[in-house]
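Please keep the sequence and the model open while reading.

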Amino acid sequence: MRVFFLALLVSLLTGCVVQPTKRDQSAFLATAPRSILVVPIVNKSLDVDAPNYVLTTLPVPITDKGYYVFPVNTTKYILEQEGYYESEKVHEQPASVLAKLFDADAVLYVTIHRWDAQYALITTTVTVEFEYKMVGRDGTEIWQERKKMQYQPQNNNSGHPLAVLIGALINAAMTRVAPNYMPLAKMANQQVFVLDVNSIPDGPYAAKPVK
Amino acid sequence: MEAGRQKVAPGLYAELGTLYLQAGESAKAKSYYTKERDAWPESRGLMTAMIENIDRLDQTKTEAAQ
C-alpha cells in the first residue's frame with residue numbers, strides 16, 4: 001500500500017513539471033538575420049518612463065546571442081527625424097519598410113503589457129510583462145514570445161511577531177514607493193533571449209563553445 | 001576597451017556619435033560613425049547614410065554663411 005502511494009506521489013510530482021514545447025524555428029533559421037533593429041517600444045502600462053527603461057535593457061542580451069543590434073537611441077532619434085514620434089506609429093509600419101530604412105535583417109517589436117506594483121498592505125508585488133515579436137525584412141514573422149515576471153519582497157526574519165509585522169509593512173511600503181523594475185526587466189529579457197527553450201538561435205557573432 | 005583590443009559592443013560608437021551630433025559637434029559625430037561602420041559591417045548602410053547627412057548639413061550651413 002505504501003509503495004503504491006509513493007508511486008502515486010512520484011507520478012504526481014513529475015506530472016506537475018510541464019515541459020515547454022520547443023516551437024518550430026525554421027522560419028528564423030531560413031531568414032538567418034545578422035542584424036536586428038529594435039524599434040521604440042509600445043507602452044500599454046501606466047508608467048510613462050517604462051519604454052525607455054526597457055529599451056536600455058534589450059541590446060545586451062541580443063548582443064550576447066551574437067547579433068548586431070542597431071543603436072537603440074540612434075534608431076529612436078532617426079525615426080523622430082523622419083516624423084515618427086509615437087512608437088505605435090512605428091509598430092504600424094511594415095517591417096520591410098523599417099528594415100530597408102536601416103538596412104537591417106530583422107525588426108524586433110516589443111510591447112509592454114504590465115509594469116506596476118500592487119500594494120496589499122503587508123506585501124507588494126511588482127509585475128512586468130512584455131510581448132516580443134521579431135519580423136524578417138521580407139515581412140514574415142520569425143519569432144515571438146510573451147513573458148511575465150513577478151517579484152515579492154521576502155520577509156523571513158524570525159523574531160517578535162509584532163516586529164515581523166512592522167518589518168513587513170515597512171518593506172511593502174518601501175517596495176511600493178520605489179519599485180525596482182530593472183532587475184525584473186533584465187531577467188525577463190535574459191530568459192526570453194538566452195535561457196528559454198524557445199530563445200532565438202545563436203547569431204553570427206555568438207561565442208564559440210570552448211573545447 | 002579599445003586599449004584592451006577587445007571588440008567594442010555593437011552600437012556603442014554610433015550612440016556616442018549621435019550624442020555628439022545632438023550636441024552640435026558634427027566632426028566628432030562623423031568620426032564615431034566611421035568607427036562604427038568599420039567595426040561592424042552590418043551597420044555600413046545606416047552609418048554611411050548618417051555621414052552623408054552630416055556632410056550635406058555642413059554644406060548647406062557653409063553655403064548659408066557665405
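How many salt bridges does a search of the whole structure find over all chains? The points below begin with that matter and then turn to each chain.

1. The model is predicted. Over all chains, the search finds eleven salt bridges. A few of them are taken up in the next points.

2. One of the salt bridges joins Asp202(A) and Lys65(A), with the closest N and O atoms 3.2 Å apart. Asp202(A) belongs to the segment after helix H9 (182–195) of chain A, and Lys65(A) to the loop between helix H4 (59–64) and strand E3 (68–69), so the pair ties together parts that are 137 residues apart in sequence. Asp202(A) is exposed, at 53% relative accessible area. Lys65(A) is buried, at 10%.

3. Another salt bridge in chain A is formed by Asp116(A) and Arg114(A), whose closest N and O atoms are 3.0 Å apart. Asp116(A) is partly exposed, with a relative accessibility of 24%. Arg114(A) is partly exposed as well, with a relative accessible area of 21%. An area under 20% would be needed to call a residue buried, so Arg114(A), at 21%, falls in the partly exposed class.

4. In chain B, the side chains of Arg37(B) and Asp38(B) meet in a salt bridge, at 3.8 Å from N to O. Asp38(B) is exposed, with a relative accessible area of 57%, while Arg37(B) is partly exposed at 24%. Elsewhere, salt bridges that share partners join Glu129(A), Glu131(A) and Arg146(A) into one network.

5. Ser43(B) sits in the loop between helix H2 (26–39) and helix H3 (44–65) of chain B. Is Ser43(B) buried or exposed? Ser43(B) is buried, with a relative accessible area of 0%. Leaving aside neighbours within four places in sequence, the residues in contact with Ser43(B) are Tyr68(A) and Phe70(A) from chain A, and Glu36(B) and Arg37(B) from chain B.

6. Chain B as a whole has three helices and zero strands, and its pattern along the sequence is α-α-α. The C-alpha trace spans about 45 × 20 × 15 Å along its principal axes. Of the 66 residues in chain B, 33% are buried. Among contacts in chain B with a separation of 6 or more, 35% are between residues 24 or more positions apart.

7. The accessible surface of chain B is about 4,200 Å², and carbon and sulfur atoms account for 54% of that area.

8. Chain A has nine helices and six strands. It has 211 residues, of which 40% are buried. For contacts in chain A between residues at least 6 apart in sequence, 70% join residues at least 24 apart. Chain A exposes about 12,200 Å², with 58% of this supplied by carbon and sulfur atoms.

9. Where on chain A is a nonpolar patch found? A nonpolar surface patch of about 860 Å² is made by Tyr119(A), Leu121(A), Ile122(A), Leu162(A), Leu165(A), Ile166(A), Leu169(A), Ile170(A) and Met174(A). Helix H8 (residues 161–177) gives the most to the patch, with six residues. An α-helix has 3.6 residues a turn, so residues three or four places apart point the same way. Tyr119(A), another member of the patch, lies in strand E4 (residues 106–120). Tyr119(A) is partly exposed, with a relative accessible area of 43%. Membership of a patch requires over 30%, so Tyr119(A), at 43%, passes that cut-off.

10. After H5(A) comes Gly83(A), which has a positive phi, near 100 degrees.

Notes: Residues numbered from 1 in each chain as written. Chains lettered and ligands numbered in written order. Predicted model: local features only at pLDDT ≥ 70, side-chain atom pairs only at ≥ 80, totals over all residues. Heavy atoms only, no water. Patch = residues over 30% accessible without salt bridge, like charges linked within 9 Å, V, L, I, M, F, W, Y side chains within 5 Å. Areas by Shrake-Rupley, 256 points an atom, 1.4 Å probe, with all protein chains shown as cover. Salt bridge = Lys/Arg side-chain N within 4 Å of Asp/Glu carboxyl O. Helix = DSSP H or I, 4+ residues; strand = E, 2+ residues; numbered from the N terminus. Buried < 20%, exposed > 50% of the residue type's maximum accessible area, 1.4 Å probe, protein only. Contact = heavy atoms within 4.5 Å.
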